[in-house]
Amino acid sequence: MNQDIRVRFAPSPTGPLHMGGVRTALYNYLLARKKGGKFILRIEDTDQNRFVPGAEEYILESFRWCGIEFDEGVHVGGPFGPYRQSERKELYKQYADQLIQSGHAYYAFDTADELDELRKHYESEKKTFTYNAESRGQLKNSLVISEDEVKTWLDTGKPYVIRFKMPASEEVNMQDLIRGEVVVNTRALDDKILFKSDGMPTYHLANVVDDHLMEISHVIRGEEWLPSMPLHIMLYRAFGWNEPAFAHLPLLLKPDGKGKLSKRDGDRLGFPVFPLEWTDPQTGETTRGYREDGYFPEAFVNMLALLGWNPGDEREVFEMESMAEAFSLERVGKSGARFDPDKARWFNHQYMVLKANEELTRAFMPVLQQKGLMVDSEYVQQVVGLVKERADFVHELWDQSSFFFVAPDGYDEKAVKKRWKPDSYDQMMELKELLVKTEPFTAGHTEEMVKQWIEEKEYGMGAVMNAFRLLIVGALQGPHLFDIIALIGQEETLMRIQTGLHELGRKE
RNA sequence: GGUCGGUUCGUCUAGUCAGGUCAGGACGCCAGGUUUUCAUCCUGGUAACACGGGUUCGAAUCCCGUACCGACUACCA
């Protein structure tokens, strides 16, 4: 039984893709990559009322950004298409009919309003209405109505749905790759609608039919689907089809409190919940995304992968390739994983340090241009190399490096108080004289010269260097000072000293 | 309410299937070190087996119960 691995991610285009959904897709993708299988994107748009324009494009763009690629799907095609359920509409009816034929399903003519009414009535008596073996005998369906009348109603176009005839009491034994054996008695289940009165299948039918037709080997999805696994299993059995393997992933939980991670948590705690920025076409409301917040896709994906899965060793920073290599469903945890924004930031920092200066420069150039700075990218690369390990995001680079591009427009008050001493003025004056004649103006050489001079004059290293830094940077921060002056150059260095001398003056 | 699932440091987790290292790593936090500054970095520290029974020489690990948490319970997916 060396069956080919075929997995799918099947979102419904009802809005932006939640990061939990991205993780689900990622695990599917990783398994496919690991096993040399196929990864399929299927759009589950059987609910016409919930269709949101732009959502499908958003989903595609999200995966493109994340570096998650599909072998088959709406956008790339494939031998099992179409991959959009609305385009497969004609397919489903025959399968629903097949189930009616075999006695596993039946027509039901109760209207949504009637059922609502019934539910309310039950609720008022503190009971729960369930459309099941117990109640179906009292309702309007082909199990109680005469065959002739059913035929007449059908012929006259009376709205109907097709429901699954759930056995009254039967143990369903199921195997979940993550949770092991799960047993449910059908008495706790209801006669789920398989085919809606609008002519579309529900998720349950479409999902099972498509997974079968597309020869899906593993259904890997969120834990919220666990309760409907028995129905799906029953469906496979009713059709007489082989069941795929199932794996229900643990939920992504909010950083604080309880419950699954929601958009509101992100708004409340200040982090994105979606991969990309999303603007609601209805309200115009915009929701932030990881991409726009400055996360590297590699970091986002890496962080997500480790939420619920680990390689079994102590590696944490993974590129997609090695992640796929190390991935296995056996190492996916059972319990919900709380999202930690701090750790997400840490992951981004790891990639910041890892990234080539060229790549960071490409990302940083637009920031510089926006500030009206025309700088050589060779120069920026050197700057980035010096400061990247001090930042978590590209947009933090400016704060760490502004003094490489513009002279200080003021001097940090506290720093002045602490480091601009009565001796400083004369010492800096001397330093300027020294630097005028220092040649070549490299980091190594200037450092050598300055340190030698400090020693000869028996000035305090700390006193001189801090005052010097203050004049060059405007504050007591930044990388190695001799690296800074070497980059900005001799002329600029001398100018900044001159300006600083003038601005700060001699302290009495 | 019912059904199903889950429970190791504050957080992500290793260890559980094949009982036996002071329960390991990472994030965060704290302290120290390196440094001309800040940051990075390095070193160290902090801190957990939900609870109660049982089986056993020995239980985070096996069994039972309890508690707590969550998901689901639509002509939504």
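A polar backbone atom of glutamine 477 lies 3.0 Å from a base oxygen of RNA strand B. This is a predicted model. Another backbone contact to a base involves proline 479, with a polar atom 3.4 Å from a base oxygen of RNA strand B. Two or more residues of the surface near RNA strand B come from each of H4, strand S5 (161-164), strand S7 (180-185), strand S14 (337-338), H11 and H18.

In total, 58 residues surround RNA strand B, and the closest are Lys196, Gly308, Glu316, Arg390 and His480. By type, this surface divides into 20 nonpolar, 15 polar and 23 charged residues.

Which element gives the most to the surface near RNA strand B? H11 does, with four residues. Helix H11 covers residues 341-354; at 1.5 Å a residue, its 14 residues should span 20 Å, and the end C-alpha atoms are 20 Å apart, which agrees. At the start of H11, the backbone nitrogen of aspartate 342 has a side-chain oxygen of aspartate 340 within 3.0 Å. The buried residues of H11 are Ala344, Phe347, Asn348, His349, Tyr351 and Met352. An α-helix has 3.6 residues a turn, so residues three or four places apart point the same way. In H11, Ala344, Phe347 and Tyr351 are among the buried residues. Helix H9 (297-305), helix H12 (357-370) and helix H14 (397-401) are included in what covers them.

Most residues other than glycine have a negative phi, and most peptide bonds are trans. The exceptions described here are tabulated below.

| Site | Feature | Value |
|---|---|---|
| Glycine 81 and proline 82 | cis peptide bond | omega about -5 degrees |
| Glutamate 439 and proline 440 | cis peptide bond | omega about 0 degrees |
| Lysine 126 | positive phi | about 60 degrees |
| Glutamate 458 | positive phi | near 55 degrees |

Proline 82 sits in the loop between strand S3 (72-73) and helix H3 (89-101), and proline 440 in the loop between helix H16 (424-436) and helix H17 (443-457). Lysine 126 belongs to the loop between helix H4 (112-124) and helix H5 (147-155). Lysine 126 is exposed, its relative accessible area being 80%. Glutamate 458, in the loop between H17 and helix H18 (461-473), is also exposed, at 71% relative accessible area.

Definitions and conventions. Residues are numbered from 1 along each chain as its sequence is written. Chains are lettered from A and ligands numbered from 1 in the order in which they are written. This is a predicted model: local features need pLDDT of at least 70, side-chain atom pairs count only at pLDDT 80 or more; totals for chains, interfaces and linings use all residues. Side-chain values use heavy atoms; hydrogens and water are left out. The expected span of a helix is 1.5 Å times one less than its number of residues. Buried means under 20% relative accessible area, exposed over 50%, partly exposed in between (1.4 Å probe, protein chains only). Contact means heavy atoms within 4.5 Å. A polar contact is a pair of N or O atoms within 3.5 Å; within protein, one must be able to donate a hydrogen and the other to accept it, and residues adjacent in sequence count only if both atoms are side-chain atoms. A residue is near a molecule or strand if one of its heavy atoms lies within 4 Å of it. Ala, Val, Leu, Ile, Met, Phe, Trp, Tyr, Cys and Pro count as nonpolar, Asp, Glu, Lys and Arg as charged, and the others, Gly among them, as polar.
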